[in-house]
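I opened the file and kept notes as I went. These are the entries, in the order I made them.

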Amino acid sequence: MIEIDRLSKVFRSRDGADVVALEDISLTIDDNKFITIVGPSGCGKSTLLRLASGLIRPTSGSVTIDRAVVEEPRQDTGIVFQMPVLLPWATILDNVLFPLKMMHREEADSTEQARHLLGMVGLGGFEGKYPRELSGGMQQRAAICRALIHDPNILLMDEPFGALDALTREEMALEILRIWTNQPKTILFVTHSITEAVLLADRVVVMSARPGRIAEIIDVDLPRPRTFEIEAHHEFQQSAQRIRELIFGNRRG
Amino acid sequence: MNSNNPPSASGNSSSATDVADTPKIGFWRRSNLGQDVLLPLGVFILLLIVWEAAVQIFTIPVYLLPAPSVIWTDSIALAGPIGEHTLATLRTVVLGFIISIVISLPLAVFMTSSPVISSAIYPLLVLTQSIPKVALAPILVVILGANELPRLVITFLVAFFPLVIAIAIGLMSVPAELLELGRSFKASKFQELYRIRLPYAVPFIFSGLKVAIALAVVGAVVGEFVNADKGLGYLIITATAFFKTPVAFGALILLSIMGIVLFQVVVIIERIFFPWSAASQETAIA
């Protein structure tokens with residue numbers, strides 16, 4: 001269980017002024033839930049994810065995972081960034097194994113495990129290729145395998161499909177749902193796309209900007225497994241409409 | 001320069017057409033033999049013919065400008081001694097180059113470890129570069145003695161600076177995302193250096209090495225001008241003193257060939273041991 005308690009983050013900008021990125025965020029996430037975080041640019045959704053990962057420390061409040069306060073990156077957390085961030089000098093297989101090398105957790109069957117993950121995302125046969133030889137979508141698939149190699153309980157995804165074209169993006173959304181069904185884990189998924197947010201989530205956390213606050217949390221009770229056909233569903237439309245109102249509403253008013 | 005994200009082709013995960021159309025990573029580049037080799041060779045031979053003809057027609061004295069044929073015959077006549085001089089210079093160049101690497105690498109790592117250290121050392125490095133090496137050489141001979149050491153020090157001083165700068169820039173230009181990735185896996189400072197920063201810097205290091213090897217040849221000759229009893233630099237000094245200009249030209253040509261061969265050795269080492277680095281430079285140029 002992830003408990004976010006009155007979390008705030010203030011950045012000191014270069015001219016000395018304080019910028020409140022997040023203010024008073026409280027949120028409880030049950031195990032194996034798919035949570036998407038959606039909001040306008042500058043609402044602090046990436047900051048929230050980085051706080052949960054332990055890469056940065058909060059100004060006040062806390063993130064607690066399984067009753068332990070997060071103070072540094074945890075071994076049971078996997079992260080996927082917006083860019084694949086693969087090592088250009090390592091093969092796809094070595095890139096996937098990279099976290100285990102860094103954490104000194106490489107075991108006899110690690111390579112087998114990496115091959116299995118790559119096969120699962122359709123990268124079987126590409127183990128020996130270098131990142132530059134793959135397309136953006138394939139690189140991001142490899143990055144997802146890398147985040148899964150140490151079998152984390154929690155997967156943090158910071159706009160993982162943001163740099164992909166629209167078609168690849170839809171395909172990747174379905175792919176991540178499939179992975180999540182096969183290997184249930186808690187996923188925090190930051191996105192700009194309202195459709196993506198509703199399609200994937202058990203709960204959508206809608207945020208507002210300046211300062212970053214939670215505007216509303218929307219439960220999505222659509223049946224699973226989901227495909228894009230669910231977009232036609234009445235409840236999908238309702239949820240998406242509600243999110244649009246929350247994000248754009250005050251601009252019209 | 002290292003494109004992590006070529007635009008994705010189709011999204012079909014199982015299709016081989018998904019692979020981005022990037023050049024193959026490997027030892028051999030595709031090269032157009034006719035245009036890359038034969039054309040410059042032809043121009044070179046043409047120049048030699050014009051040179052030979054000009055010397056013959058205008059009857060230029062041999063001590064001023066020897067014809068290519070005279071350079072060839074005079075140098076061949078002295079092939080044995082010239083070979084020894086070449087080996088002596090080669091030894092100075094290679095040793096000086098190795099000293100440059102051995103000193104530059106830790107120095108660059110040390111410099112980039114903190115902004116304070118960097119700002120403390122960097123002005124000193126610039127100072128070593130602003131000193132004219134030709135002027136420094138005789139002083140070094142007095143300090144270090146008339147032996148091989150001042151030649152090696154001069155070679156090092158001429159060659160190391162671009163290498164330090166190239167390595168330092170490589171270590172510093174690692175994308176923040178890559179460092180963050182390391183931190184998310186709890187990488188130690190040493191792991192970050194060894195597994196992320198240094199590999200990332202390899203293409204930069206090789207750019208530095210290519211400049212350094214060319215400069216090492218210059219440094220060795222400067223050292224030999226000032227103090228030597230062997231070497232191609234020494235040979236040029238003694239040959240010109242006796243107006244044996246063809247031999248001096250022969251030494252000059254050997255120095256050029258040495259520079260080209262050593263440069264190519266660095267290029268080949270990069271292609272064999274760091275093919276991804278060589279490939280990344282090819283696409284950067286292409």
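The entries below go from conventions to chain totals, then to single residues.

**Conventions.** I am working with a predicted model: local features need pLDDT of at least 70, side-chain atom pairs count only at pLDDT 80 or more, and totals for chains, interfaces and linings use all residues. Residues are numbered from 1 along each chain as its sequence is written, chains are lettered from A and ligands numbered from 1 in the order in which they are written, and side-chain values use heavy atoms, with hydrogens and water left out.

**Chain A, overall.** I counted seven helices and ten strands in chain A. Both are DSSP runs numbered from the N terminus: helices are H or I with at least four residues, strands are E with at least two. Chain A is as compact as a globular protein of its length, because its radius of gyration of 18 Å is close to the 18 Å from the globule rule for 253 residues. That radius is taken over C-alpha atoms, and the rule is 2.2 Å times the number of residues to the power 0.38. Along the principal axes, the C-alpha atoms of chain A fill a box of roughly 55 × 45 × 35 Å.

**Burial and contacts.** I found 57% of the 253 residues of chain A buried. Buried means under 20% relative accessible area, exposed over 50%, partly exposed in between (1.4 Å probe, protein chains only). Of the chain A contacts with a separation of 6 or more, 69% join residues 24 or more positions apart. Contact means heavy atoms within 4.5 Å.

**A:R74.** I looked up this arginine in the loop between β5 (68–69) and β6 (77–80) of chain A. A:R74 is buried, at 18% relative accessibility. Beyond its neighbours within four places in sequence, A:R74 touches A:S53, A:I65, A:D66 and A:A68.

**Cis peptides.** The A:R210 to A:P211 bond is cis, with omega near -10 degrees. A:P211 sits in the loop between β9 (203–208) and β10 (213–219) of chain A. I noted another cis bond between A:R224 and A:P225, with omega about -5 degrees. A:P225 is in the loop between β10 and α7 (234–252) of chain A.

**Positive phi.** A:R6 is not a glycine, yet its phi is positive, about 45 degrees. I placed A:R6 in strand β1 (residues 2–12) of chain A. A:R6 is exposed, with a relative accessible area of 52%. A:E159 also is not a glycine and has a positive phi of about 45 degrees. I found A:E159 in the loop between β7 (154–158) and α5 (166–182) of chain A. A:E159 is buried, at 11% relative accessible area.
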